[in-house]
Amino acid sequence: MKKFYGIEILRFLTSISVLIYHYRHFFAPYNSTSNLSYFDINATLPLYNFLGILYEHGIFGVHVFYTISGFVFAHIYLSTNKSVSSKNFFINRFGRLYPLHFATLILVSFLQLYSFIKFEGFQIIQINDLYHFILNIFFISSWGFESGHSFNAPIWSVSVEVAIYIFFFVLLSFIRKHKMYFLIILSIALLAIDKAKIFDTLFLECARLFFSGSLIYYFFSMKFNHGMYFLLSVIFIFAAFLGNFKTFIFCPGLILFFVCLDKYIKNNSTQSLFRNLGNLTYSLYLIHLPIQILILIVFKLLNINEILFTNLYFFLLFFIFLIFLAFYCFKFYEKPLNELIRKKFSL
């Protein structure tokens, strides 16, 4: 199946944007024992003049992820009329998402237990009880049953997205039958519900962005003039910043822009690099918080001054380490288990 290398590098870049946003975890009020408040020292953080927008707004990378998922799912399941069983659909999703989720959940549980015993308090995330552990085990930690973020907190966005995967599968036959027309009607309906303030849930926001990504896939598949696609993507991105920031315009525009870049990504080495970086996305997203918790514990044990977190070399080493760790995590844990689960349980 065709790879969209522009989408692969966008996946990697958006994961990095979320990591930069979460760099604030090293400081108060997120680190409850820190004497440095993020909001007092943020402008002095490494490369802030260049990365300031990501320090402050990198969380919008999650919204881009939702839109990318809609595009990728459309490419996988809507580019062909080949039937897909519910068993295979959910085994594929389980094999891709659950092994790393489970491993990082257990890791964070042990780290937080050690922190509580040693320092009489948790690190960064304060909700780490049995009830929320069970919610995490069943991947429903952000389905409305929770009291807040818990354990490996970034999984909240994946938890929401799992519900949208179910919704997508239920609608799959309708989308295949009516294609772009159904997605347009669905997108208008979801937007109208949002504007009418009928529901205010993470599911609604995720669904709007997810299906806008699917809509972009169908739109790009119509094979209009490439320059027109590129121009429209730029118009969408700029329009998103007029007045209040509009994620529902920005994210589809950004997806379309990076899909347009595929035309220029012809070098095999570049394609391989972008594919490999794209593969690191999920690992980066799930391992960075456990590593931050571990670093905070080590700093407390060794009585290392937290001012080091503001150092450029520490910042760079932190991200380089995460990227290398994500690479080995994907190669030796994520990918093998994913393939094993699919091979063992798929029809």
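At what angle do helix H1 and helix H11 pack, and how far apart are their axes? Keep in mind that this is a predicted model. In it, H1 (residues 5-21) and H11 (residues 268-279) pack at about 45 degrees, and their axes are 7 Å apart.

**How H1 meets H11**

- That angle makes H1 oblique to H11.
- The two helices, H1 and H11, cross in a left-handed way.
- On the H1 side, the contact is made by Tyr 5, Glu 8, Ile 9, Arg 11 and Phe 12.
- H11 brings Gln 271, Phe 274, Arg 275, Leu 277, Gly 278 and Asn 279 to that contact.
- Sorted by class, the contact of H1 with H11 has 5 nonpolar, 3 polar and 3 charged residues.

**Aromatic pairs**

- Searching the whole structure turns up 59 aromatic pairs.
- Take Phe 299 and Phe 314: they pair edge-to-face, 6.0 Å centre to centre, with 70 degrees between the planes.
- Phe 299 sits in helix H12 (residues 281-302) and Phe 314 in helix H13 (residues 312-345), so this pair ties together parts that are 15 residues apart in sequence.
- Buried or exposed, Phe 299 and Phe 314? Both are buried.
- Phe 318 and Phe 319 have ring centres 5.3 Å apart and planes at 85 degrees, so they are an edge-to-face pair too.
- Phe 318 and Phe 319 are both buried as well.

**One aromatic cluster**

- Phe 299, Phe 314, Phe 318 and Phe 319 are among the members of one aromatic cluster.
- That cluster also includes Tyr 23, Phe 26, Phe 27, Tyr 48, Tyr 55, Phe 309 and Phe 315.

Terms used
Residues are numbered from 1 along each chain as its sequence is written. This is a predicted model: local features need pLDDT of at least 70, side-chain atom pairs count only at pLDDT 80 or more; totals for chains, interfaces and linings use all residues. Side-chain values use heavy atoms; hydrogens and water are left out. Axes are lines fitted to C-alpha atoms, for helices over the stretch in contact, and angles run from 0 to 180 degrees between N-to-C directions. Helices (H or I, at least four residues) and strands (E, at least two) are DSSP runs, numbered from the N terminus. Angles under 35 degrees count as roughly parallel, over 145 as roughly antiparallel, 65 to 115 as roughly perpendicular and the rest as oblique. A crossing is left-handed if the near helix is turned anticlockwise from the far one by less than a right angle, and right-handed if clockwise. Contact means heavy atoms within 4.5 Å. Ala, Val, Leu, Ile, Met, Phe, Trp, Tyr, Cys and Pro count as nonpolar, Asp, Glu, Lys and Arg as charged, and the others, Gly among them, as polar. Rings of Phe, Tyr and Trp (its six-membered ring) pair if their centres lie within 6.5 Å; planes under 30 degrees apart count as stacked, over 60 as edge-to-face and the rest as tilted. Buried means under 20% relative accessible area, exposed over 50%, partly exposed in between (1.4 Å probe, protein chains only).
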